[in-house]
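Subject: Structure handover

Hello,

Here is the structure I said I would pass on. Please look it over before reading my notes below.

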Amino acid sequence: MASGLLASRGVLTLGLHYQHVCRSVLVTQTRQKKRWMKAYTRIMEAKLKLEGPPPPKRRSEKPNWDFHAEVEAFGARLQENFQMERLKAAFVNPCYVRVEQERRGALGLEPETAVLALKDNKELRTRGVALTRDFLSDWCRASFPSLPAEGASALVDHLMTPEVVCHVARNLGVEDLTMSAEVPVPDDVLYGTFCAVVAALEESSGPQRAGLFLRDFLTTQLIGKDLFDLWSVVNPMGLLVEECTRRGLPLPEPRLLRSAGASTVLPLFFVGLYCDKKLLAEGPGETLLAAEEEAARVGLRKLYGYTENRRPLDFSPAPQLHASQSNTQALSSG
């Protein structure tokens, strides 16, 4: 009987130990987070509210940065052949050189030692701005031959605005490689850096490749844009009359096509413009004058070839480049 009591006591002790172990394992598995994590997270959130977000850093100040490798990857990513020295110079802005020399002078270095062996992009920037404007002017005249000089100039001015150029530059990764005194890079510095890259490409691969680069990345910003959102015309009806006179067409005659709710607070009028008893354009408006101006804008879009259903712009490769690539592929395959 004593042996039976010892056996039952041993089984009871083993069962209690097993339950204790299982209970500790379950508690460890269900907690998932440490006790100090909640308090630490609250402290860091309060610190962020008091001090604000940390100041931005240059990409070169962060880990895993190699300027030479990044510059080479930039040209390979764009599938362009750059001269590395000219491309590196395109990313060096005068403000960066000036601030870096002042910083070295503040450290007590001699003037001869503090001078940086870097060439800035001042010359490349000036040539790149002129090259970009000349190409865009020629491209607009070739793509929209019926558009007057004022309209083509308005399109070029829109494409040359800092907002459009900086948008393209940031999406191409130019901002990360730009050496600037301020962080984040100001728009004027980024604008000049992009133009300097265009000039470096023109020096490296010729004006044809630089033109294709601008066509593929800059002129595509016109897609989805309305002509009169970019070109402000005060009197569209007067401009339509001048255009019809210049082309030898009969003067447009406005006619009310239909209306709705004329006696309500939300009237709607449709005015049509007829040339030689043919409907040229029609447009809506809350008043007869507004509908007539909208119809004139529709007519101008038709005369200038800038309608929404116009033929898409040609962004195919140049014939010479396409033929050379085909020959290269044929030789490599053969």
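The model is predicted. The protein chain holds 16 helices and 3 strands. Of its 334 residues, 33% count as buried. The accessible surface of the chain is about 21600 Å², with 57% of that belonging to carbon and sulfur atoms. Among contacts in the chain with a separation of 6 or more, residues 24 or more positions apart account for 60%.

Helix 14

Helix 14 covers residues 236–247. At 1.5 Å a residue, its 12 residues should span 16 Å, and the end C-alpha atoms are 16 Å apart, so expectation and model agree. The buried residues in helix 14 are Pro 236, Met 237, Leu 239, Leu 240, Glu 243 and Cys 244. These cover an arc of only 160 degrees around the axis, which means that they sit on the same side of helix 14. An α-helix has 3.6 residues a turn, so residues three or four places apart point the same way. Glu 242, Thr 245 and Arg 246, on the other side of helix 14, are exposed. The cover over the buried residues of helix 14 includes strand 2 (268–275), strand 3 (278–285) and helix 15 (288–304). After helix 14 comes Gly 248, with a positive phi near 75 degrees.

Helix 8

In helix 8 (residues 149–159), the buried residues are Gly 151, Ala 152, Ala 154, Leu 155, Val 156, His 158 and Leu 159. Helix 7, helix 9 and helix 13 (227–230) are among what covers them.

The largest pocket

The largest pocket has a volume of about 400 Å³. It is lined by 22 residues, and those closest to its centre are Arg 58, Arg 59, Ser 60, Thr 178 and Val 183. Two elements give two or more residues to this lining, helix 5 (94–106) and helix 10 (174–177). Helix 5 gives the most, with 4 residues.

Val 183 also takes part in a cis peptide bond, the one to Pro 184, with omega near 0 degrees. Pro 184 lies in the loop between helix 10 and helix 11 (187–205).

Loop residues

Which residues does Asn 121 touch, leaving aside those up to four places away in sequence? They are Ala 89, Ala 90, Val 92, Asn 93, Pro 94, Gly 192, Thr 193 and Ala 196. Asn 121 lies in the loop between helix 6 (111–114) and helix 7 (122–143). Its relative accessibility is 1%, so Asn 121 counts as buried.

Gly 173 is in the loop between helix 9 (162–171) and helix 10. At 16% relative accessibility, Gly 173 is buried too, because the cut-off for buried is under 20%. Gly 173 and Phe 74 are 99 residues apart in sequence, but 7.8 Å apart in space, C-alpha to C-alpha.

The loop between strand 2 and strand 3 contains Asp 276 and Lys 277. Most residues other than glycine have a negative phi, and most peptide bonds are trans. Phi of Asp 276 is positive, near 55 degrees, and phi of Lys 277 is positive, near 65 degrees. Asp 276 is exposed, with a relative accessible area of 55%. Lys 277 is exposed as well, at 82%.

Regards

Technical notes
Residues numbered from 1 in each chain as written. Predicted model: local features only at pLDDT ≥ 70, side-chain atom pairs only at ≥ 80, totals over all residues. Heavy atoms only, no water. Expected span 1.5 Å × (residues − 1). Buried < 20%, exposed > 50% of the residue type's maximum accessible area, 1.4 Å probe, protein only. Arc of directions from axis to C-beta. Contact = heavy atoms within 4.5 Å. Areas by Shrake-Rupley, 256 points an atom, 1.4 Å probe, with all protein chains shown as cover. 1 Å grid on protein atoms, 1.4 Å probe; cavity = no way out; pocket = protein on both sides within 12 Å on 5 of 7 lines; lining within 4 Å. Points joined across faces, edges and corners; volume = space filled by probe spheres on them.
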